[in-house]
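Here is a short note to read beside the structure. Keep the chain in view as you go through the points.

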Amino acid sequence: MPEAEQQNDANAPAGAGGEPPKTAKQLEKERLKAEKLAKLQAKLDKKASAAPAAGEKKEKPEKRTKEVKEAAVYTAQTAPGEKKDLSGALPDAYSPRYVEAQWYSWWEKEGFFTPEYGRASIDAPNPNGKFVMIIPPPNVTGSLHLGHALTNAIEDAITRYHRMKGRTTLWVPGCDHAGIATQVVVEKLLWRDEKLSRHDLGREKFIERIWDWRREKGGRIYEQLKSLGSSYDWSRVAFTMDPKLCRAVTEAFVRLHEEGSIYRSSRLVNWSCTLRSAISDIEVDKVEIPGRTFLSIPGYEDKVEFGVLIKFAYKVEGSDEEIIVATTRIETMLGDTAVAVHPQDDRYKQLHGKFVVHPFSTRRLPIVCDEFVDMAFGTGAVKITPAHDPNDYEVGKRCNLPFITIFNDDGYIIGDYGEFTGMKRFECRKKILEKLKALNLYRETLNNPMVVPICSRSKDVVEPLIKPQWYVSCSDMAASATEAVRSGELKIIPEHHTKTWYHWMDGIRDWCVSRQLWWGHRIPAYHVSFTDPSLQAGSNDDEQYWIVARSEAEALTKAAERFGVDASKIVLKQDEDVLDTWFSSGIFPFSVFGWPDQTKDLQTFYPTSLLETGHDILFFWVARMVFFGQKLLGKLPFKEIYLHPMVRDAHGRKMSKSLGNVIDPMDVIRGITLEGLHAQLVGSNLDPREIEKAKAGQKQDYPQGIPECGSDALRFALCAYITQARDINLDINRVLGYRFFCNKLWNATKFALLYFTGSEKFDTELSASAAINQMDAWILSRLAAAIEACNTGFESYDFAAATSACYAFWLYDLCDVYLECLKPIFQSGSEEQQTAARRTLYVCLDYGLRLLSPFMPFITEELYQRLPRANPAPSICVASYPSNTSWRSTKIESDVEFVQKAARIIRSARSDYNLPNKVKTEVYIVCTDSVPSEILKRYASDLATISYCSNVVFDSPAPQGCAILTVTGQCEVHLLLKGLVEADKEIAKLQKKSDQLVQTVGKLTQAIQAADYATKVPAEVQEANETKLSESRAEIERIAAAIETLKLM
């Protein structure tokens, strides 16, 4: 703490050269001290006389608890949107709750986050350029998690940086309606509270319930984003179900259909029987199981067996021969329409063109030849179920086989299958096995590692089903997207993600956009039927009888024209399905600006500058925005894509509610008890069986709950984690470490402001030649280095480098060195020196806060507003970002680095000899080279300050009783210890420490020499042991040298 250190300096003993006569002030001090001691002695005497007599039972004193000072809270009566009341003094200690109060509503009301701020119009020319970005819209379902916090920390830092660089800046907020997720949440609540299903309510009333829920809960996410300090332009907030965006979705679908990019087809889809809907690939969790495993499936009391391969026989028609096939889904054999063999497989050549008999139907199954069959796998014969397996689907098309669907939308058996009809699919699985055994067709069951597709929303097993759906043709759009990246027109950062981009684009499949839900954008397609029975009716999967239009009236006109029939004879029924949520997200970069209308916003802000998001949705969202931007507007939606890593917990595990490691960023910002974390689980939609497991996970990771860290510390920590890695393992303790950094920042600024006592105001116009004090020139050079590193870091998306530069400047340069070196100047320096130091200090505080502001907007605003500014910007968020690097001097930095090296060596030796900082000592510099000697002479007073020395002596022989410390081969420091330490006591302490280290070295050496050490011990543990061994040996040598020095005292 700077204040405490200043007091220590005042109590330092005088240097060598005899005691000076005491002043009247000193004598008065001593008199008061003597009076205090006398009072203390009287108290002690009184206490002793009141002590209990021998034999009396002594009362146990109450255990004293450490007094915890209440954190400051902002209590001024300031209306929302009004500027924070700064008339009071800064609180003694940093308090996130105090600092983060009131600022956001003022920023928002002042319009700092709008592109119109400070400009005549949004399209007015700006020589600094513009920066535009959209939010990756979070789902409306509930609250944010740390992944959202990471996204916002990065994006807000980028946005604030560009705003401070003077660019016309816009960051558009919004929310996604999250079709499946939202419908599932509301359905669960409806069942929990009223024991009703959505079908009990009907479509319209159920959608009303979702809107009610959205109005009640939807604002929570926006409030969380504001708590994070995210500088969005809230006047342009967009929800994907807003009328403006709904109109854009309809327009996009109609245009894409009119030009042939959207069509209707019956194909296999991922079907969730629980949701009764198709789901996208991203909503399918591919769960690997090692072999025979029983899984809990929704709708089944007993667990269901997976991970086995069942072999059974089909009898060849008209002979005693049989073909043995194998399957992991025995129930699908009801839908088999063929058995496939490889055309070159000699074992089955005699059976080509023959049939096998289905045991549970009258169906004859042809034996077909197809090269997809692996002759070496299993028996080399494969059962073909074209309607329920992707590979079989392709074989069915090639061989012109029947496609027989055996499951309805709920997963029950349909068709003429006797006792199996009406059974649930996995109950049927067990029954079929029993029947095959009874018919002597069962052969064996083998253990089989496999992947089970699980619906991430319902936890049901995904079933491939053939459904008539709407598809987006992607091949041409993928080719354009590939070319955009290859040509450099679209840049992906980090670059290694381009391989993934090319891989997905090369293997692109058409995109199924139909979802069998009620919540979402209803597909603007209408099925045509006629009131006149003489007119030919069409089936549901005949695209000719579907009309795609912007409204029912337009559809009626189109239908009358297509069929040449009077509109009065036409009946239209709109498709019940809604569009995949990713469809509306795909047009988000231009729908938010009013497309299809040619609005001023669209003309000014499209295309945007950057798309920032997690690498996990590069294909599902990013690629589709590129597709639609190029297709519908003829322009890429953004110039650059920056993909950040995924957030995992401190153990490297994926965030999962069932593990109890999904953390609400608000709990990190405000703090929460373990009991509070548990309560959130109880109130969630988590399965009751998983709640206890999650509670155990929370107790392990957060036994004391989560301490209050504040938004600034969380944001800074998240940005500091960003590297080129695919994942970051977030440890809350690191966030807490940056909260302590905030406290250091607070105390340093509070202390520094004590030097600005007058009414003088300052600006940042300062030339290097104005630095009269040597350390002024050095700190300005270090500031210039930090400015350069931060600007380079932001421009190259190297956030770790930018945060590191800010942290190092404040902590290691400003606090540890410069503020310490200022103390002697403000205590005894000339007026000119103090004036120069004050100007330099102001520049450091002002620019230092501005550098930090994109990462830590709240604390920097609080402190910036308290600086004595001559030409103040109204807010730090619209102040200019520092760019001045003219102060940089590598020569000065090199010299001071040498001085710091000497100081570190002196401080380390002082620590070895247990000398407290308040005990000053002398050092004698002995150099055989004039260069290091001149450097240390030039900075002698600064060396004395930062190494806690009373005097630095040159060109004089060192007295006896010194520890000799080597700085370089040409420079030694002799640290005077005589009279400052009790040699015998210190030797005993050091010897004890040395003995402990010798034991440590012995144990480590023994462990390393073990025969199986290299093979059994993890590499990181081996590396840690080697480091510890090396450090322990070095410390033993240092202690031995220190003991030898003490023996000479």
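1. Domain bounds here come from an automatic or database domain assignment. That assignment gives domain 1 (114-258 + 475-505 + 580-644), domain 2 (286-464), domain 3 (718-888), domain 4 (895-981) and domain 5 (984-1048). Between domain 1 and domain 5, the C-alpha centres are 57 Å apart.

2. A caution on the source. This is a predicted model, in which local features need pLDDT of at least 70, side-chain atom pairs count only at pLDDT 80 or more, and totals for chains, interfaces and linings use all residues. Residues are numbered from 1 along each chain as its sequence is written.

3. Now a sheet. Strands are DSSP runs (E, at least two residues), numbered from the N terminus. Two of them pair if DSSP finds at least two bridges between them. Four strands form an open sheet in the order β31-β30-β33-β32, and the pairing is mixed. Its edge strands, β31 (949-954) and β32 (962-968), each pair on one side only. On average, neighbouring strands are turned by 25° against each other, direction ignored. That angle is taken between axes, which are lines fitted to C-alpha atoms.

4. Which strand does β32 join through six bridges? The partner is β33 (residues 971-976), and the two run antiparallel. A hairpin of two residues links β32 to β33. Across this pair, L965 stands opposite V973, and T966 faces E972 in β33. Strands of a sheet pair through backbone hydrogen bonds, either parallel or antiparallel.

Terms used
Heavy atoms only, no water. Axes fitted to C-alpha atoms, helices over the stretch in contact; angles between N-to-C directions.
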